[in-house]
Amino acid sequence: VPINLKLPNDSKVDPSQNGALGPVATDKSRTTSSTNSTPDSSGSRAGLFRTPISGGVQSATFAHGLPPPALAVRNLMEQARFAHLCTVMSGMHHRRAGYPFGSLVDFANDSMGHPIFSLSPLAIHTRNLLSDPRCTLVVQVPGWSGLSNARVTIFGDVYPLSAEQQEWAHKQYVAKHQQWASQQWGNFYYYRMQNISDIYFIGGFGTVAWVDVKQYETIQPDKIAVDGGEQSLKELNAIFSKPLREFMSAEGEVDDAALISVDSKGIDIRVRQGAQFNIQRLAFDVPYKVETLEEAKRALHKIIKTSSK
């Protein structure tokens with residue numbers, strides 16, 4: 001059940017504790033995630049603090065134009081290409097049997113959001129799965145690896161796909177990883193997380209939730225998240241990185257601003273101020289769901305144009 005806590009606007013919790021939320025911003029067009037944010041004297045704009053476990057206020061999802069958790073996870077799974085796979089060490093390795101074993105893997109998704117893996121029979125994690133299919137997959141938003149990053153842990157059971165399904169799985173891989181997927185060496189074989197038992201999501205903007213598996217499997221990811229990819233983010237950064245840096249410098253000098261993800265409601269921006277990094281959310285101020293790269297460009301142009309007046 002999603003956590004739904006309500007804190008007064010002047011609530012302050014020690015960030016070292018399990019989740020801390022600062023005063024919630026009333027400016028819906030932009031949500032600040034820096035842990036150094038403080039409310040201004042008028043109280044009109046405060047900032048949603050991001051802490052190591054990202055707070056716990058489910059209502060922030062709706063107050064700040066964020067996708068609901070199930071949709072946010074589907075978008076994240078579409079945008080990320082790599083993840084940490086945690087399996088159970090099997091006895092065949094003659095060491096550390098029963099301990100969790102973490103490894104970095106690439107993955108693709110099927111239409112229900114179930115991850116598909118291309119695994120070598122020589123890999124320890126492959127042998128572990130053949131002995132015990134239970135595992136977790138930890139996926140983060142690309143472009144940022146801090147504790148304030150949005151991330152999801154998916155619990156499930158992974159099994160090898162049949163010989164008849166190998167070509168289908170390969171097509172899913174090529175669609176996500178482009179040419180790279182067709183150049184894998186060695187005797188790789190495709191596996192799928194056949195059943196997902198649970199999903200734990202930390203949204204990074206005041207959202208911590210156990211996501212309903214059925215809802216996750218049936219909801220469709222945002223079109224722009226599926227089609228966005230690295231090339232779209234590269235194009236958006238080429239156009240908007242400098243204007244966004246200038247826009248954000250109105251509240252304190254910003255040295256660098258880079259878009260790291262986009263969905264139908266807004267963008268996530270990695271901001272650097274000197275040696276300090278944080279993530280900021282910028283919501284689109286348009287009366288429709290942004291579905292294409294061109295619509296995202298128009299929505300961002302509107303924000304930049306409005307701020308310059």
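Lys223 has a relative accessibility of 43% and counts as partly exposed. Asp227 is also partly exposed, with a relative accessible area of 46%. The structure discussed here is a predicted model.

The side chains of Lys223 and Asp227 form a salt bridge, with an N to O distance of 2.8 Å. Helix H6 covers residues 223–248, and the two residues lie four apart in this helix, separated by about one helical turn. Side chains of opposite charge can pair when their charged atoms come close.

## A buried pair between a loop and a strand

A salt bridge also joins the side chains of Asp110 and Arg192, at 2.7 Å from N to O. Asp110 sits in the loop between strand E4 (108–109) and strand E5 (115–119), whereas Arg192 belongs to strand E8 (residues 189–202), so this pair ties together parts that are 82 residues apart in sequence.

Asp110 has a relative accessible area of 8% and is buried. Arg192 is buried as well, at 12%. Both values fall under the 20% cut-off for a buried residue.

Asp268 and Arg281 meet through their side chains in a salt bridge of 3.1 Å, N to O. Asp268 and Arg281 are both buried.

## The total and a network

In total, the structure has seven salt bridges. Some salt bridges form a network, which links Glu235, Glu294 and Lys297.

Note on methods:
Residues are numbered from 1 along each chain as its sequence is written. This is a predicted model: local features need pLDDT of at least 70, side-chain atom pairs count only at pLDDT 80 or more; totals for chains, interfaces and linings use all residues. Side-chain values use heavy atoms; hydrogens and water are left out. A salt bridge is a side-chain nitrogen of Lys or Arg within 4 Å of a carboxyl oxygen of Asp or Glu. Buried means under 20% relative accessible area, exposed over 50%, partly exposed in between (1.4 Å probe, protein chains only).
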